[in-house]
Amino acid sequence: MATFLYKLGRLSFRRRRYVALLWVLLLGGIGYASSAAPAPPADSFSMPGTDSQKAFDLLDERFPAASAEGATARVVIRAPEGEKITDPAAKAEVNRLVAALGKGSQVAGVADPYKANAVSKDGTTAYASVTYKVISTELTDKTHDALTDATDKTRAEGFTVETGGDAVQAEQEMGGSAELIGIAVSAVVLVITFGSLIAAGLPLLTAIIGVGIGVSGIAALGSVLNLSGTTSTLAMMIGLAVGIDYALFIVSRYRAEIAEGREPEEAAGRATGTAGSAVVFAGLTVIVALAGLSVVNIPMLTKMGLAAAATVAIAVLIALTMIPALLGFAGKRALRRKDRKNLKKSGADSKDTKATKDNRALTKQAAAHSAKAAENTKPNLGTRWARLVLRRPVTVLLIGVLGLGAVAIPATSLELGLPDEGTSAPDTTQRKAYDLLSESFGAGFNGPLMVTVDTGGAKDAAAAAKTVGTSLAKVDGVAAVTPASVNPAGDTAIITVVPTTGPSDHKTEELVRTIRSKASGLEADTKSDVLVTGQTAMTIDFSQTLDDALLPYLGLVVGLAFLLLMLVFRSVLVPLKAALGFLLSVAAALGAVVAVFQWGWLADVVGVDQPGPIMSMMPIFMIGVVFGLAMDYEVFLVTRMREAYVHGANPAEAVVTGFKHGGRVVGAAAVIMTSVFSGFIMENDDMIKMMGFGLAIAVFFDAFVVRMAIVPAVLALLGKSAWWLPRWLDKLLPNMDVEGEKLHKTLTPSSSPATEDEDEDRDNDEERRELEPVRG
């Protein structure tokens, strides 16, 4: 692989104009396609095979007028202080409001609170349910304005009016600036790392192009493949982070090759062949982890994973082709000005070509000068840190493991759920409507259960539903059971069951299980199918589906990545250590997420308005994304160690070499990735905020604690055993040559400074032989 990538890097360097033009044209073409595409659809939580999804599909088929997939709004009205909502004047105002809510071409219907028994027992509060013909993202501004105007007029009459539901527009405090924050911080880190604006600009430019292609592609195919806006947000978040990192590693290796006296084209080829090999395998681990989300069998999660994986694949391709092309334009200007001056002083950058021997002599002097300078240079921070860990490996290992273990403790009290209006900011109308309903009707009114009774074509659904409703009303935890609604065909009925507890309460989950356990007996008595659905039941099934898929997914992802890492490192213990370290960092990250978003620690700093359950998809999502990203640092850092070990260094020297050449770059990459994810913490969307925080803290823990401390400590304790591989397995596994051993053997003699010295001596001998007749 290294040899192929070496040739690809040199080809891209030589044909830089064509390569750069190709990527720019691709960006422009896909960008144009996305601008002409319809708006992306809204997020949907469909879960094939679950009871709630079966019931939902049944309602959509048997009650088409009810717009099961349409947006909804719940308008809560409370009478002025000292008055009743049932007073004639108040009733007249509520009726006027209901009539106003029913106007509009997108409105499917409005439930009159007086006819639907939606008045509180104390007579102070009522609510009207509005259903729409279309999903929330398809509601027009005119429809939103009509809802707002109707409630404002009633509010002006002295009533308290608040609205909830997905038909209500959420206020967005930010609008796409999260990625700008990450890019700004990344730019600062890159400038500090490289000391060159040109070198710092290359990773940023290629990452933006890659993310632009990926996100534009998602937008262009959004309506066709049903890819939501959240899908593109995840792709942008991950694509931007890995795009910068992959380019960073290749540019850094290019600068190191230039410093050794190689010409720019040769340096670009070698950088692509060595660091590029690590990029390929690092990218593959991320792609495997993201694409593996498909095993969960939740379409939304599958699409998010595949879209992000495609963006990562684009980032890898750009790093392997466009970076060498841009380095062709930059040349030696990718070095710091100080380094370029040193090269000129030593003669390495001389352009005097009067005589070949003079030029080669200067090159030889430059190589000698560089070697002498390297001997006198003070060890960098990475070297000093590696030597410290090698002196105290047990101490470093214990501090790292115990520290992350302590941070992981809150994860033992993890409570899963999906964000609802009860976790919204206290000053939002959605949260106020939620609280009004809880106060006046009970917590369960914010999460009613819908029980469907399907007689399979028989027209006695009403009688069957009455039997089911009577039985369910006696179940502990049920506050109320509404009369059944029967479809025109008479074969399907809907019963609304109101729990005594809120939608995120464990007792509500137990109630759903109790109703489903009684369903088999009710089905026998009524000769019908009884299913439970509704937003609360969907949330419970969603969490259960993720829990059931967690272990199979973890086994699939870790197993495939373990095989990839064995190919990279030709070792059994190094991949095992990498997987165990990843589990430790994920556990610590989940602990931090629980402490902030569930317990409320540092809630004001992070911007958490209301602590509550952790998103159901967060654990499996973090495992997928963080595992791939964590393996990036494992590959980039340990590959240099493996390369040194293969070329004769002892295990301790290999660890020092890895940190000497890769520590600073990996540290910079981790800071960049952490900053990119941290920018999304400022988003108003609870899911995006939690994902940004979780990924940022996980990358920080994994890079700086696991990879920078625990990994060298374990390698120091293992010694040569770390690189052990059974002979039979060594013969069985293909040699991918990630460290570039075959590449060094196949390079032409003129490619290295050492062989150039031999060529110089041979040329000098030839010149002397040519001059001997003249001298005679």
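1. Which residue's side chain meets Glu265 in a salt bridge? Arg10 does, at 3.0 Å from N to O. A salt bridge here is a side-chain nitrogen of Lys or Arg within 4 Å of a carboxyl oxygen of Asp or Glu. The pair links distant parts of the chain: Arg10 sits in helix H1 (residues 2-14) and Glu265 in helix H9 (residues 264-291), 255 residues apart. Helices (H or I, at least four residues) and strands (E, at least two) are DSSP runs, numbered from the N terminus. Arg10 counts as partly exposed because its relative accessibility is 22%. Buried means under 20% relative accessible area, exposed over 50%, and partly exposed in between (1.4 Å probe, protein chains only).

2. A word on the basis. This is a predicted model, in which local features need pLDDT of at least 70 and side-chain atom pairs count only at pLDDT 80 or more, while totals for chains, interfaces and linings use all residues. Residues are numbered from 1 along each chain as its sequence is written, and side-chain values use heavy atoms, with hydrogens and water left out.

3. The structure holds 21 salt bridges. One of them joins the side chains of Arg62 and Asp454, at 2.9 Å from N to O. This pair also links distant parts of the chain: Arg62 belongs to helix H3 (residues 51-62), Asp454 to strand E6 (residues 449-454), and 392 residues separate them. Asp454 has a relative accessible area of 11%, so it is buried.

4. Arg262 forms a salt bridge with Glu257, with the closest N and O atoms 2.7 Å apart. Arg262 is buried because its relative accessible area is 11%. Glu257 is at 5% relative accessibility, so it counts as buried. Elsewhere, salt bridges that share partners join Arg10, Arg14, Glu265, Glu266 and Arg270 into one network.

5. Next, the strands. Strand E3 (residues 125-132) is mostly covered, with six of its eight residues buried. Strand E1 (residues 72-78) runs antiparallel to E3, and seven bridges join them. Here Val76 stands opposite Tyr127 in E3. Strand E2 (residues 107-110) is also antiparallel to E3, joined by three bridges. In that pairing, Val107 stands opposite Tyr132 in E3. Two strands pair if DSSP finds at least two bridges between them.

6. Gly104 lies in the loop between helix H4 (88-101) and E2. Its relative accessibility is 49%, so Gly104 counts as partly exposed. Gly104 and Ala146 are 42 residues apart in sequence, yet 7.8 Å apart in space, C-alpha to C-alpha.

7. Two backbone angles deserve a look. Phi of Lys527 is near 55°, a positive value in a residue other than glycine. Lys527 is placed in the loop between helix H17 (506-526) and strand E10 (529-533). Lys527 counts as exposed because its relative accessibility is 71%. Arg570 has a phi near 50°, again positive in a residue other than glycine. Its loop runs between helix H18 (535-569) and helix H19 (573-598). Arg570 is at 7% relative accessibility, so it counts as buried.

8. Now the surface charge. Asp427, Asp609, Asp685 and Asp686 gather in a patch of negative charge. Patches are made of residues with over 30% relative accessible area and no salt bridge, with like charges joined within 9 Å and nonpolar side chains (Val, Leu, Ile, Met, Phe, Trp, Tyr) within 5 Å. Lys and Arg count as positive and Asp and Glu as negative; His and the chain ends are not counted. A charge is placed at NZ of Lys, CZ of Arg, CG of Asp or CD of Glu. Asp427 is in the loop between strand E5 (416-417) and helix H15 (429-441). Asp427 is exposed because its relative accessible area is 61%.

9. Arg387, Arg391, Arg392 and Lys660 form a positive surface patch. Of these, Arg391 is found in helix H13 (residues 381-391). Arg391 counts as exposed because its relative accessibility is 53%.

10. There is also a nonpolar surface patch. Val295, Leu556, Leu560 and Leu563 form it, with about 310 Å² of accessible area together. Accessible areas come from the Shrake-Rupley method with a 1.4 Å probe; for residues, only the protein chains shown count as cover. Leu563 lies in helix H18. At 47% relative accessibility, Leu563 therefore counts as partly exposed.
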